[in-house]
Amino acid sequence: MAEITLSQLAHSYQAQPSGEADYAIRRMDHVWEEGGAYALLGPSGCGKSTLLNIISGLLAPSSGEVLFNGRRVNELPPEERNIAQVFQFPVVYDTMTVYDNLAFPLRNVKTPEETVRQRVMEVADSLDLVAQLDRKARNLTADEKQKVSMGRGLVRDDVTAILFDEPLTVIDPQLKFKLRRKLKEIHQRFAVTMIYVTHDQLEASTFADRIAVMYDGQIVQFGTPQELFERPTHTFVGYFIGSPGMNFMSMALQGEGADGEEGDELVADGQSLVLSQAWQQAVRKALAQTDNVKLGIRPEFVELAVEMVDEEGDDRVEAFLTMVVEHSQDLGTYAIFTLQRDDLRLKARVEEGHPLPFDVAPGTEVRVRFPAQRFGLYVDEYRWEVEA
Ligand SMILES: Nc1ncnc2c1ncn2[C@@H]1O[C@H](COP(=O)(O)OP(=O)(O)OP(=O)(O)O)[C@@H](O)[C@H]1O
């Protein structure tokens, strides 16, 4: 096992990259601590497989270093890096039995047969493969074959890390949940560093203690599932994590000031928004630097009221405005309301017991309130902390 450090790492598949857009991995520094259960989460094409292949040595980075326990391994070929990799599709020897498939990585490094037997039985037990041990791999279902692939990754206890590249793609949906839990149990049992690549947030959060969210060749946030949900540090994380994702309102100054300069009224997607003093100051400061300023709030934290309340004196609330329910989606135990006012659209999650019914009539006017602590200010897509 090892700590894996990526230092000033960058990779382009082009021989002569001319700009940032030509890089599959933009310059990054990152540390995967020894023994951690990590997920690398991001949309298709963001660079996840490229990053795994650089760690395992299948691909040499254009620049930067990969270090295992502080030692540079750039020059080491994959077989000397001791990384176990499990791919999307099963890699098994069809003519061998399940037992021999699982034993293969151990026998390869001349492990005594008694140890082989012990480890194979332990891994087969963890993955519910004991009953299949004597069967030829070619007679297995796709699910079972992928379990054997995983088992081959897990069987050696001297590996630097195990990298899983979307390992559950071929697995039956009903089994996926079970296998994710299994992998988590196995992590606890064997305490090996695991990096699990996926584009599925549920898969990432059931498996990992910490998730690295990747977007456009960069890790834009590294944190616990709760941190990613509660304090996304990049708009992409807000949008990608959660269902539906975070609401973002583009901020601008409106009206006409003296000498034809831009006005002084703060608007959110064209709507004037009553903001507390601290937030007004922060948004104005950001707008003095860039046009790309957004306020973000998750649908779960948007508060709705049908009656007017005295918000001015309520220091729990950072901002409020009046909107209309465009439509509602009843999802059984909660509902998602789409709220609208001219160009501004927001989603709000409404729980059972709320004074508004899930089938609220479209056109109903509601008071929308944004609680303090739940608001985020995003400047050029990155979060700024606001002292409220
Ligand atoms: N061998 C290659 N040659 C050229 N470009 C490549 C190669 N492999 C990947 N790319 C490009 O590099 C970028 C990152 O691809 P990568 O496969 O690492 O992403 P990913 O996040 O793993 O995507 P997916 O989830 O679809 O596998 C993409 O723009 C992709 O088109």
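Predicted model: local features only at pLDDT ≥ 70, side-chain atom pairs only at ≥ 80, totals over all residues.

- Four strands form an open sheet in the order E2-E1-E4-E5, and their pairing is antiparallel.
- Strand E2 (25-32) and strand E5 (71-72) are the edge strands, each with a single partner strand, so one side of each is left without a neighbour in the sheet.
- Strand E4 (residues 63-68) runs antiparallel to E5 and is joined to E5 by 2 bridges, and in this pairing leucine 67 has arginine 72 of E5 as its bridge partner.
- Helix H1 (residues 48-56) packs on the sheet, where it touches strand E1 (4-11), E2 and E4, and the direction of H1 makes about 120 degrees with that of E1.

**Packing of helices H3 and H4**

- Helix H3 (residues 98-108) packs against helix H4 (residues 113-126) at an angle of about 130 degrees, with the two axes 9 Å apart, which makes H3 oblique to H4.
- The crossing in which H3 passes H4 is right-handed.
- On the H3 side the contact is made by Tyr99, Leu102, Ala103, Leu106 and Arg107, while H4 contributes Val116, Arg119, Val120, Val123 and Ala124.
- Divided by class, the contact of H3 with H4 has 8 nonpolar and 2 charged residues, and no polar ones.

Definitions and conventions: Residues numbered from 1 in each chain as written. Axes fitted to C-alpha atoms, helices over the stretch in contact; angles between N-to-C directions. Parallel < 35°, antiparallel > 145°, perpendicular 65-115°, else oblique. Left-handed = near helix turned anticlockwise from the far one by under 90°. Contact = placed C-beta atoms within 7 Å. Nonpolar A, V, L, I, M, F, W, Y, C, P; charged D, E, K, R; others polar. Pairing = 2+ DSSP bridges.
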